[in-house]
Amino acid sequence: MNPARLLLAVICLGLTSAPAASAADALRDVVIVGNSVAGTVTFLDGHTFAGVGTLDVAADKQQRIDEMDPVRRAAYEVIRGQVGDKFVDDAHLTPDGRTLIVSRGNLGDAVAFDVASRQQKWRTQLEGFKADHATLSPDGTKYVISAITAEKAQVLDAATGRVLGSFATGAYPHENMYSPNGQRIYNMSIGNPALPKWMNWAKGAKRVTVVDAQSLQKVRSYDFEFGVRPSVITPDEKTLYLQLSYLNGFAEFDLVAGKITKTVQMPFSEAGRKLKEDEYPQNSAHHGMALNGGADKLCTAGTIDDYTAIVSRPGLTTDAFVHYPVGALPYWSLTSVDGNHCFVTLSNLDAVSVIDYRTGREVARVPVGDFPQRERLGKLPSSTLDSFSAA
């Protein structure tokens, strides 16, 4: 074969083989479940909901504890006494599915793992003593994480863990989320949950802080009487649905007018009604909210009441309840990639409940690790996903 034809054959071979290689390692939808006490992350198939693998993200926990100076170790023990062993607070996959970034609760740090090799890529110690909720920028380049006792959210470079900046929040910053268009970051603070309700005045600022996603400069803020728990923002960024400390239900908040327009009281279960408010887990009566793909239904976790409610908007009427055994502790809600199902962690049952938004019925219950706390959506390359089942 002459050189010209040989070159043409090589080019043609490359053109025909490249799509096959790409298809073989296509990204597949997964649900990321952070098992807080176990210090692991479980991956569920995003469509069948079956468990597909688990990654240990706190194998170095004893090393990190041993490295703590006396002040940090004392703080670690105080926090542990308040909330127990919490080694995974939040976890996200970068858009290419190669890197898992984890907020490690009581260890007060953020770590990144190469998922394929299971090796730690970087680790960043946060300011203060505890790491909390986090979010990943839409382009996957920035990791925003609450440094609770420092009363700020820190922004890390997702590739290196380098601290890029931070912004001030209310007391005990909790959830972080990007606006639907990615231009703003919302941070919700809960106030100090270790204090009793009668000392609510001393818990600190319970606030929603909104900053520009690029400059991290404050755009606006909203103050509340009680701590701001899980929340969802409507696609037009005009309405915020939020759960508040001690409220057995949720509120509708007008982001334009800056006021609560409706408070929805949900029914108590028999067990929930017997609890004193200071017995609510970290002040939360209800903890977990999600909005379906059509933005016309909410999925709310009734934490002390052991149920999930599907609620239609804008009327905020309850369509259905899914009830669980007493003490199940439903603790977080997440909408599936197709927008039709809601995942709810049952922290004390070590399981995830899957609910159909349309019927209001539980369609699956999937076992995961010890004390599942938060779920997120992500994608993994097929080869990485398959390596879990082969292990």
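Guide: Let us start with one side chain, keeping in mind that this is a predicted model: the side chain of N283 reaches the backbone oxygen of P193 at 3.3 Å.

Visitor: Which side chain does N283 join in a polar contact?

Guide: The partner is K203, and the polar contact between the side chains of N283 and K203 spans 3.1 Å.

Visitor: OK, and is N283 buried or exposed?

Guide: N283 has a relative accessibility of 4%, and because buried means under 20%, N283 counts as buried. Leaving aside residues up to four places away in sequence, N283 touches N192, P193, L195, K203, R229, S245 and Y246.

Visitor: Let's switch to helices. How many residues does α3 have?

Guide: Helix α3 has 14 residues, running over residues 70-83, and it reaches 20 Å from its first C-alpha to its last, which is close to the 20 Å expected at 1.5 Å a residue.

Visitor: Which residues of α3 are buried?

Guide: The buried residues of α3 are R72, A75, Y76, I79 and V83. Seen down the axis of α3, these buried residues fall within an arc of 105°, so they line one face of the helix.

Visitor: Why would residues a few places apart end up pointing the same way?

Guide: An α-helix has 3.6 residues a turn, so residues three or four places apart point the same way.

Visitor: Then which residues are exposed on the other side of α3, and what covers the buried ones?

Guide: On the other side of α3, the exposed residues are P70, V78 and G81, whereas the cover over the buried residues of α3 includes α2 (61-67) and β7 (119-125).

Visitor: What caps the N-terminal end of α3, and what follows the helix?

Guide: The N-terminal end of α3 is capped by D69, with a side-chain oxygen 3.1 Å from the backbone nitrogen of V71. Following α3 comes G84, which has a positive phi, near 85°.

Visitor: What pairs with β5?

Guide: Strand β4, residues 90-93, runs antiparallel to β5 and is joined to it by 4 bridges, and strand β6, residues 109-114, pairs with β5 in the antiparallel sense over 5 bridges.

Visitor: One last thing: what is the order of strands in the open sheet of 4 strands?

Guide: The order is β16-β17-β18-β19, with antiparallel pairing. Its edge strands are β16 (228-233) and β19 (259-265), each of which pairs on one side only, and the twist averages 25° from one strand to the next. Within this sheet, β17 (residues 239-244) and β18 (residues 249-254) pair over 4 bridges, and L240 stands opposite F253 in β18.

How values were computed
Residues are numbered from 1 along each chain as its sequence is written. This is a predicted model: local features need pLDDT of at least 70, side-chain atom pairs count only at pLDDT 80 or more; totals for chains, interfaces and linings use all residues. Side-chain values use heavy atoms; hydrogens and water are left out. Helices (H or I, at least four residues) and strands (E, at least two) are DSSP runs, numbered from the N terminus. The expected span of a helix is 1.5 Å times one less than its number of residues. Buried means under 20% relative accessible area, exposed over 50%, partly exposed in between (1.4 Å probe, protein chains only). The arc is that of the directions from the helix axis to the C-beta atoms. Contact means heavy atoms within 4.5 Å. A polar contact is a pair of N or O atoms within 3.5 Å; within protein, one must be able to donate a hydrogen and the other to accept it, and residues adjacent in sequence count only if both atoms are side-chain atoms. Two strands pair if DSSP finds at least two bridges between them. Axes are lines fitted to C-alpha atoms, for helices over the stretch in contact, and angles run from 0 to 180 degrees between N-to-C directions.
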